[in-house]
Structure formats: structure tokens, C-alpha cells
Amino acid sequence: MERIMQGVSVSLDKSNNGVSLHVDTSQIKERLDIAEVARYLASGKYAEFECNEETLKNLIDTANVDIESQVGTKHQAVIAYGQDAELKMEISSDKMTATLHVTAPKGGNNPSLDALTAFCREQKVINGLSIKRLQQVLKMLPTRKPGESFSQIVAKGLPPRNGRNSEVKQLVENVLERLLAPKIDESDKAHMRDFGEIFSVTQNTPIARFKPATPGRSGFNVEGKTLKPKPGKSKPIKLEEGTIADKEDENLILASRSGMPKFTGLKVKVDDVYTAKGVNVGTGHVEYDGAVIINGDVADQMKIIASGDVTIKGFVESAYIQTPGNVYITEGAAGQNPDAQTDPNCVIRAGGDVFIENAQGLDIHCGGELLINKQIAYSNIRCGGSVIVGDKEKPKGMIIACNIKARGEIVAGTIGAISGSQLVIDFTESYDQITSSSFSLKKMYKEVNARFNAHKSKWQLLKNKKLPPELDDKLNALESAIIKEKQLLNWIKDRLDDNQSITDTLPKYLRVKATQQLFPGVNIKLQHNTWQANREHGPIEVLYQEKQWEAEPIIS
């Protein structure tokens, strides 16, 4: 017991961590001052304890009555308690993180590691609890002032890892990679117009590896619930002409003949290759069932029609090129500039990507990306992917006076011309195709699903009945129809999922980006929404957001 003034003392009761005030009125002549007692408690070794002011006041008041009456009485009451560290747990709304909120003790005790762990378990934090983070909390507590609060994330869930879709990994170089990497000589000098020989393979060369879909990895939240992953879509590889699977490793794809490897999604083939030094009046037009490599120019009014990729290591002038594959032109292509009376007479029709060094006066339709290395001008473009002019990482090329219909983003260094010539970029056609396709697929799914459910109900009703043998064939035919309808429903659902993925990512590609300048005369359209450049802009990005076009400066 500690004496603080005549007849007044305090003691600590370790059983309840309480501070008791003792008053012996027989030793006191004058009234006690509650403020003086409170000051002592606030400044002494019990300062951290939480004082119950009402209990203190009642004790002092009662003692003062006895002092005034000169009655010698001993009074005692617990007027303050030490508070242990306070713990509160907050679990995020997605239940993937648990945050421990801690208030340092006021005259009380810090928890042990076991106590912290037990508290977390009581708060339903089951998985992902970090003992190291709990130990960090215990290290931080002694450094905090009494009553000071702080927070620490002590548990994290593990998000599920979705499975990977079936894919084909190329084991050999493709043409575009070769074209984008000029030949390096012995002195490490790059020859920008020398791309070396176009890559081809010989029989039995490994060209690809098929990677089957994976199921993914399960995750969990902090409350212990297992989070299931979305398995990857499983689709088989399609080995087309010129390819076989290795006998010892069915996922390793080999060339079964010499030629040019071709990869399109999960399709792998090796095209026969036709090679010529040029295409002109002397050689005649080229029509070939395979890939075509021209090591020279393609002259005015000549045609190249192929079933494989077309690679031209020269210049194309007012010619016609058609293929379901890709087109690569290493030097450039040009035709007459279109106006109100004339159309471009240099025509390219490709089902895949198109790469051209320089382009002017072209009519291009391609199912994939259009990649121009330096400049494209006075051309009509219908593109199923992006249009990128310049290096893919830092596009600095130019687009001048073109009419572009595209599904992907349009990126270049300079878009438009200082003269204000008209340049139209229209995303409407591709956008409408996607929405129209989704509508048709949903209608088809509804019709097939209704037929499937009707057939399934009828089959379930009949299979439990004893039918005459002559109806067995009809029952089997009904069962076969149900299986086919189920397969068709799954196919439609996959197409709807693909369309939804495209729709979800479409806003990302509905954009026009000029990394250097964008000039007046540029018009960007999507259905009835139009953005028009009325002045010159520096680096700028025009995006389609919330059903309208928004222009944002690019700040480097």
C-alpha cells in the first residue's frame, strides 16, 4: 500500500488489475480535495489506468461527510482498472484479407502469441493466418503509447488460379518475327532492308507443342472456404496439311513435309512453298495452293492468289493479292490515290494479318491486324484487328487521308495531316457484327434448348415404360437426337462465351491513339456517336467510355 497523503493511500490488486483507494477519516482533519487525488493518480505510476470518476467521487464525498462529523471510519473502493490491449478483427467484404486493429494497453497486459492466434481463430480467421505478422504486432505494441491504436493485415486468402485454355506453342520463328528483326552482320550492324531468308522447315522438324487445357488451382478465403477455379477451355489441336504428331510424344507436332509453317489459333499446317524472283508480264500471274515467296517486285496489274501466306521481298505496284492467310511486303505497296471518281487499284485481300513497310493508294481487307512500319496514306482499310503504324512498342508512323473500318485500336505517331485532309475511322460495322451475332446465338440457344428439354422429358417418360420391341429403334433415335442437341447447346454456349469476352474487352480496343500529333479533319465514329478533331492536338488518346467519345491528353 502506498501513502499519498495523510490518511489516504492506494494499492494495486493484482487479482483484478484494479487500483484501490483507501481513506481513514480518523487521520484526516480537513475535507479531501477530489482534484488533488485525481492529479496524483494521473501523474503517478497509475497514470495508465482508466479512472472511474464516479466511483472516486462517491468515495471522496462519503469520506468528507465522516470527516466533517469527526467520525473515524475506513473507506475503500476500486477506483481505476488497468485495461489490457484491445483487439478487433475486420474481415474484408470479399473475405480475402483479415485486418487486426489493436489498441495498446492502459495499465494492462499485452497478449501472448498464443492469445493472439486464439483470438483470430475465434473471429473465424481460419486460413492464410501469418504467424510472422502476429509476431510483428507483438513487437509494435511496446512502442505505442497507452491507448494508441494501429492496424495490421494478419491473414490473406489465396485467389484461385484459373485454368489455361488449350494452346499451341510455336517452336520455330514465324515470318512476321523475321520481318521485324532485320539481319545483323558480323559487325553487329542492322541492315534495315535485309531481312535474310524467309524461314522454312524440313520434314520431321519439330514446329509446335500442344499444351492441353489445365484445371487451374483452387484458392481459399480467410474463413476457410475453398474457392474453385474456372477450368481452361479444352479444345483439340487441328493438324492440317503438312503436319503430324510425334509417335512418342503426341503433343509434339512435326512437319511431315518441307515448307513454311503456319499457325492460326489451334490450327497448325506446313504449306508447300512457291518461290519466284518477281511477278511481271514475263512470269504471268501466280495462283498456288500453298505459300508464295516472291524475292523481288510485283508489277502493275499482276495477281497473286494463294492458299497460304504471301511474302514479297520487294515492292508491289497496283497489283492484286489474295490469300486466306497473312501478307508480308517488306518494301512497300502503292496504287493510284482514290478520289470521288476512282478507287485504289492496289488491292490486298487477306484472312490474317498484313504487314507493309510503306503504303499509299491501297484497298486492304484483312481479318487480323494491319501493321505498317512507316506510313499509310490515301487508302481504304477494312480490318478485323488493330491498325498500328510504326514500331508496336513506340508507334511513330503516320496515317494520312484514309478511310478505316476496324475492330481493334488505331495507333500511330501522327494521325491526319496539317492540311486538314479528311480521315475517317469507323468502328460501327465490327461493333454491329458482334451484337448481331450475340442476338442470333441467343435466339438459336433458346430454340435448341426448348427442343432439347422436350425430347429429354419424352425420353425419360418412355424409358421407364415397357415398350414393344419395334419401338426400340425410335427410342434409340430419340436418345441420339438428345445427345446431338446437347452437343449443339454446348457449342452455342462456347460461342456466346467467346462473344461475351469480345464484348467485355471491346471498350479497350475502341480507341484511337496518336503518340505525337492528331490534326483537324480526323473523324471517329461508332454508330451515331462521332468525335471530330477541330484543332491540332499533341499526344492524345480518344476512347469510347460511357457510350460517348472522350479525348484525353497523353502525359509522358
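Colleague: Where is glycine 325 placed?
Modeller: Glycine 325 sits in the loop between strand E26 (320-323) and strand E27 (327-329). Strands (E, at least two residues) and helices (H or I, at least four residues) are DSSP runs, numbered from the N terminus. Please note that this is a predicted model, in which local features need pLDDT of at least 70 and side-chain atom pairs count only at pLDDT 80 or more, while totals for chains, interfaces and linings use all residues. Residues are numbered from 1 along each chain as its sequence is written, and side-chain values use heavy atoms, with hydrogens and water left out.

Colleague: Is glycine 325 buried or exposed?
Modeller: Glycine 325 counts as buried, because its relative accessibility is 4%. Buried means under 20% relative accessible area, exposed means over 50%, and partly exposed is in between (1.4 Å probe, protein chains only).

Colleague: Which residues is glycine 325 in contact with?
Modeller: Leaving aside neighbours within four places in sequence, glycine 325 is in contact with Lys262, Asp309, Ala350, Gly351, Gly352 and Asp353. Contact here means heavy atoms within 4.5 Å.

Colleague: Let us change topic. What is the phi of glutamine 301?
Modeller: Glutamine 301 has a positive phi of about 70 degrees, although it is not a glycine. Most residues other than glycine have a negative phi. Glutamine 301 belongs to the loop between strand E22 (291-294) and strand E23 (303-306).

Colleague: And what about alanine 401?
Modeller: Alanine 401 also is not a glycine and has a positive phi, of about 50 degrees. Its place is the loop between strand E35 (398-400) and strand E36 (403-406).

Colleague: Where is lysine 156 found?
Modeller: Lysine 156 is part of strand E8 (residues 149-156). It counts as partly exposed, because its relative accessibility is 45%. Beyond neighbours within four places in sequence, its contacts include Met96, Asn127, Phe220 and Val222. Valine 222 is 66 residues from lysine 156 in sequence, yet the two are 6.1 Å apart in space, C-alpha to C-alpha.

Colleague: Which helix holds isoleucine 483?
Modeller: Isoleucine 483 lies in helix H7 (residues 472-509). It is partly exposed, with a relative accessible area of 45%. From isoleucine 483 to phenylalanine 452 the C-alpha distance is 8.9 Å, and they are 31 residues apart in sequence.

Colleague: How many helices and strands does the whole chain have?
Modeller: The protein chain has 7 helices and 43 strands. Its radius of gyration is 40 Å, well over the 24 Å that the globule rule gives for 556 residues, so the chain is more spread out than a compact globule. The radius is taken over C-alpha atoms, and the rule is 2.2 Å times the number of residues to the power 0.38. Along the principal axes, the C-alpha atoms fill a box of roughly 135 × 85 × 55 Å.

Colleague: What share of the residues counts as buried?
Modeller: Of the 556 residues, 41% count as buried.
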